[in-house]
Amino acid sequence: MKTNKIVTPLKIALLGLTTVLAATSAQADVLSDVKSKGELIIGTELHFAPFDFLDNGKHAGLNKDFFTEVGKELGVKISYVDLPWPSVLPGLEASKFDMVGGPVTITKERMKRYNFSLPIADASVALLKRKGNSAVTKPEDIAGKPVGAGKGSSQAAQLEDFSTSLETPAEIKLYVDNNSAYSEIMTGRVVAVANSLPNIAYVASQHKNFEVVLPPFGKKTYYGYVTRKNTDSESLLKAINDIIVKMKADGRMEDIQVKWFGNPMDLPTDMIVPQI
Amino acid sequence: MTFDIQVIIDHLPEIASGFGLTILCTVVAALIAMVLGLFVALGLMSKAAVFRYPVRLYVEIIRGTPFLIQLFLLYYGGPSFGLYLEPIEAGIIGLAIYCSAYFAELFRSGFNSISLGQLEAAQIMGFSKISVLWRIQIPQMMVLITPGLVNICIILGKETTILSIVTVPELAFVLTGIGSETYAYAETLTVLAISYLILSELTARFGSWTEKRLSKYMERSI
Amino acid sequence: MLDFSTLPVALPLLWDGVQMTLFLSLMAVVLGLMVGVLMCLARLSSHYAVRFFAQLYISLFRGVPLLVQLMVTYYCLPLIGINIPALVAATACIGLCASAYMTEILRGGFLSLPTGQKESATMVGLNQFQVLLFIELPQVIRLTIPGIINEAILLVKASSLISAVGITELTRISQNLASSNFQPFEFYLTAAGIYFIINSMISAFGFWLEARINRRVIA
């Protein structure tokens, strides 16, 4: 197996050095560059369970498992750069890594600026609340109450749309970091936090203090991986999509879905037209 | 590369209110921090060890840990101890506590530089301890420490970028938000840099103006 | 309440973060002092243009928050074709930011040197560069140790912003651990404790250095 671990910070830094030298020398095709240097560099955020996070001090999650397979398929080593969310998309544009393994919600606005892979998870919005809080039993119950969401996330945008459709809108508080927002459920400053269902379902499965409010609300959305929107990145995108299709066909995708979501997830097999 | 100034113009009201909030937080926190710092400085110079040591520990802990962590613990940890603060309150109080430790050290060095003979003379002439402090020690000290005060105020102003972690809609919060909505990263970062440059320059100018005025006042009074 | 049972597993990661934090802070102090000395000479120069440049440099690097400097260097410069590796960008930014403060600290030291000294040193046949290197600089450094130590402590804390360019230092590791384990307070308190230990050590080193140098000077 290819080595597929989080390297120590100093190594990452040195790795960054070689990447840039490579990036400045060859501006041709990202996929052939990746193959010739034998390494695919993924930008992500290790704050995003169950996609990317630290499990007992080790990088784990659905992305990790998926890209391990990508590494095997392409015959390259996978390296990760861990960034705060506000730095992830600027970093991609500045060619600091080959693609975002985030994953990122596929939206119309973002599709104008970036290319997305086939959907890799459902990103529909639902609410997380304190376990046993009977004041919020369905999404509409947030009317007039304080609710948190991640700043700059599409889930926050959906929450705002949903909130204005209510008789009294909710009082929306935006957090730089989803986990700070979850903390606020415990402090009581918000009654619930809106985020994508896979994320909050995982939080609720790991922490006995939380519970998911069903059903999801808003429009159906999906997560995808992101590449730069240029001809150099098209072959990489195609390779990733081919691997997604292949892994769906041979059951590997279902295995990692069951591992991280608790059950298989039915996803569109073609590129979707985003509803938001 | 495109540089689209229109994005900034479209969001000018938001940016202005963010900048206003940044200035408000800086000024209010600086004023509270100075008052708090004065008391902490008096504690640091106290002759009673039971008083001096805890205050010294306070100063060392505050100066030895990042503001980001202090603010996080204050805002998100406070409620566990029944302390519920609004984001702006937490931001201002956090900043004031953080900077009070720096001000305290500065005040202490200022106090120490005033000659003892002068204080004794004042006491013999019948000034009370409070009026010695207020009329003799503080004015002289201010002249000495103004450059240091300005430095701390500049640092304090820049630390306001961290208030975004507790959802205070200050300038950095507003501009990074606009950046991620419109992908105009270069434009928003440029505005952020220029705004802070203006803020720091104004603080520095105000400092040298005060310095000049104070030293004139000192000459006259001597 | 607080549960530190996940801490032992996290220790190797935290140690990685500590190493990175120490490396960045050390680079910042070294670079800051080197550039600081040059800028200080420029600031005290008799040429108006040189002085003006130094003043502009100080205003710029002191006035713009480090986070913004980092973001501009790392994400905006590539848009105009300048691609700087993360570690170089991080070290350069924190070092240049440090140098602006160091310039002002050192300037205070230079100004407090007795004026006749330079002339007497030139009379015994030392050139300007030798006077600076062997006579003035050692004295300036000695006089400004408290200021430099203070700045070093500020830099250790400022290095927590470096994660914005994808370098994982102590604060970032703590944030990752905090959110992955959903134990924010445990890991933030641990990080605070580690920063406190590092800074106390720097502070103690400063006192030791001052005492040692003062003893040598008196003797």
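This is a predicted model: local features need pLDDT of at least 70, side-chain atom pairs count only at pLDDT 80 or more; totals for chains, interfaces and linings use all residues.
Residues are numbered from 1 along each chain as its sequence is written, while chains are lettered from A and ligands numbered from 1 in the order in which they are written.

Chain B contains nine helices and zero strands, where helices (H or I, at least four residues) and strands (E, at least two) are DSSP runs numbered from the N terminus. The C-alpha trace of chain B spans about 70 × 45 × 25 Å along its principal axes. Of its 222 residues, 42% count as buried, that is, with 20 or more other C-beta atoms, placed from the backbone, within 10 Å of their own. The UniProt annotation "domain: ABC transmembrane type-1", from an unreviewed entry, covers residues 19–204 of chain B; UniProt annotations may be inferred rather than shown by experiment. That span is 81% helix, and its end C-alpha atoms lie 18 Å apart.

Chain B is touched by chain A: 13 residues of chain A are in contact with 11 residues of chain B, contact requiring C-beta atoms, placed from the backbone, within 7 Å. On the chain A side, helix 4 (85–93), strand 10 (171–175) and helix 7 (178–187) each give two or more residues.

In chain C, UniProt (unreviewed entry) places the feature "transmembrane region" at residues 20–42, 80–102 and 187–209. Residues 20–42 of chain C are 100% helix, with end C-alpha atoms 32 Å apart. For residues 80–102 of chain C, the corresponding values are 74% helix and 30 Å.

Methods
Two residues are in contact if their C-beta atoms, placed from the backbone, lie within 7 Å. A residue is buried if 20 or more other C-beta atoms lie within 10 Å of its own, exposed if 12 or fewer, and partly exposed in between; C-beta atoms are placed from the backbone.
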